[in-house]
Amino acid sequence: LPRPGETPAHIGGTTLFGDNVEDEWFIVYLVREITREFPGLAARIDDNDGEFLLIEAADFLPKWLNPENSENRVFFYKGELHIIPLSETPEQDCDLSAPCPTIPQALALLSSRSEEFLAAEPIRAAVNKRIDGYPEKIQASLHRARCFLPAGIVAVLRQRPSLVAAAVQAFYLRDPGDLRACRRPFRTFPAEQRVMALVTFTRCLYAQLVQQKFVPDRRSGYTLPAPSHPQYRAYELGMKLAHGFEILCSKSSKVAPDTKRNVLSGPLWERFLRSLKEKDYFKGEMEGSAKYLELLHMAEDHFQQSVAPEGSVEVSPGDEILTLLQTTSIDLKEFEREAASLPPEDDDSWLDITPDALDQMLKEARNESLPSTNEEEQKYDLETVAESMKAFVSKVSSHEGAEMPWSSDESHVTFDVDSFTKALDRILGADSEELDSDDLDEEEEFDFSDGDDEDLDAGNQRQDQKMSPEELVGSLKSYMNEMDRELAQTNVGKSFTTKKRGVTTSESAGPDSGAEDAELAPVDVDMNLVANLLESYSAQAGLAGPTSNILQSMGVYLPENTDHTGSS
């Protein structure tokens, strides 16, 4: 038993899920269901990114929760996600820098007051959305394809279908050293005795195998027909899979095949097997049948990895393949008869994703409704675009990112008059003793006339007098108005759309169209904002870009630019 304060007895494990993230979420589903089936158990799960459950629900997390203080706070308990808040950590104030609770502290809180720590509904919904549909969802992630394979591989896969994953990974992650075994006639799986077979992959494994471009060495014996051949894909998949199996066998540790049998022949294994039979593990299957052997191999693997005494040799995939080849009979004629009546393979059109389908997947992932495809129903409100961008700019941003307008943080902006006054003092009239060396160097660099010096002295004397905030704001406005007059007739001023007498006009119409009043006409901020956004969106040419990303994150979708489409 553990001492007080130590981590209690538990079951743990590590899984290498590779590129298939769905495998990781299937494990999350299993962990959740285990805690639901056994209410006394609590479970936590993380990966190389940390608390990935919180990452999935990042849009709904409380402000205090961050990667630094989230350890030992997120648990599955009684089939639901729980988060232990800061204030419930014993002997700690509600401080963001408070240390994370220990495992015993967290378990004590869960066992006594778990209902208080139930994660918010949006957080639980975001996590449950990723694991909804299991276990039925498993079948949708499988893909069956025809492969022209050596008869030995067909026999091995019938006994242990899961070995296809190790073979695909061996081929997918091959290096020049691995291919040395494939630059000669294959020793374990020669190309002479090949048959057509239906192999079950996961979609991830199938995509990894198909997308790899590979030309076999002529010395290997594996040749491919012309790409126009109706069975070209089956030949190509079989060739790649055979290379993966040959690489695994070439990496075999050359352990004697009897090593595993020695582990499975002791009294401990006999008691374990007898216990399985008493609990109807084999479900009434006849001894020696295919289903019985499949269940037996699963039990052997579990015993080998978990129950067998420490020091037993771990069997590599290559060793397991060689052992199966020695214990499995290969009936080539039977395989050929079965190849003549194989069921059809699955359609792999899911490999090709159109841009529209990708946009739809992204919108569904963000749980957003899709805009109507009917042009008459598409009412793009430009005022909404302008207001959304204004709301985005008005939010707080930092090195951790910008807050979207739909954020739950709606705190009011405070205005400090004293700080504002001091900032204006620094901008409009700094005292001479406040100037640093850079300011003095700049002053010496220019040859000011006596008249300029007198004007500057007079200005400094006026600015030295104490001014009220209202006077400072008025002074700043006068500076801005003067700057507007100077810029009105420049290219910068003419690039903005302005308002005049209730009508929106453009300064680019010509120098005679405005006169003095037009120079000072207020800029139409909304019109300029929308015009610049549309110009930026058009420049994206249908690809992802800053304008579409920001607007779509706020639920605003712009139509496609059809100005330049059509026949030329």
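Where does Q193 lie? Q193 is found in the loop between α7 and β5. The structure is a predicted model, in which local features need pLDDT of at least 70, side-chain atom pairs count only at pLDDT 80 or more, and totals for chains, interfaces and linings use all residues. Residues are numbered from 1 along each chain as its sequence is written, and side-chain values use heavy atoms, with hydrogens and water left out.

The protein contains 24 helices and nine strands. Helices (H or I, at least four residues) and strands (E, at least two) are DSSP runs, numbered from the N terminus. Of the 568 residues, 31% count as buried. Buried means under 20% relative accessible area, exposed over 50%, and partly exposed in between (1.4 Å probe, protein chains only). The accessible surface comes to about 36,700 Å². Carbon and sulfur atoms account for 52% of that surface. Accessible areas come from the Shrake-Rupley method with a 1.4 Å probe; for residues, only the protein chains shown count as cover.

Contact means heavy atoms within 4.5 Å. Among contacts between residues at least 6 apart in sequence, 73% join residues at least 24 apart. Q193 touches L149, P150, A151 and L332, not counting residues up to four places away in sequence. The C-alpha atoms of Q193 and P150 are separated by 5.5 Å, although these residues are 43 apart along the chain.

The loop between α7 (163-172) and β5 (194-202) also holds D178. D178 has a relative accessible area of 10%, so D178 is buried. L173, I247 and K251 are touched by D178, not counting residues up to four places away in sequence.

Two packed helices are described by the angle between their axes and the distance between the axes. The axes of helix α8 (residues 203-211) and helix α9 (residues 232-250) come within 10 Å and cross at roughly 100°. Therefore α8 is roughly perpendicular to α9. Angles of 65 to 115 degrees count as roughly perpendicular, under 35 as roughly parallel, over 145 as roughly antiparallel and the rest as oblique. Axes are lines fitted to C-alpha atoms, for helices over the stretch in contact, and angles run from 0 to 180 degrees between N-to-C directions. In this contact, α8 supplies Y206, L209 and V210, while α9 supplies R233, L237, K240 and L241.

On the surface, M480, M483, L487, V492 and F496 form a nonpolar patch, with about 420 Å² of accessible area together. Patches are made of residues with over 30% relative accessible area and no salt bridge: like charges are joined within 9 Å, nonpolar side chains (Val, Leu, Ile, Met, Phe, Trp, Tyr) within 5 Å. A salt bridge is a side-chain nitrogen of Lys or Arg within 4 Å of a carboxyl oxygen of Asp or Glu. Helix α20 (residues 469-488) gives the most to the patch, with three residues. L487 lies in α20. L487 is partly exposed, because its relative accessible area is 34%.
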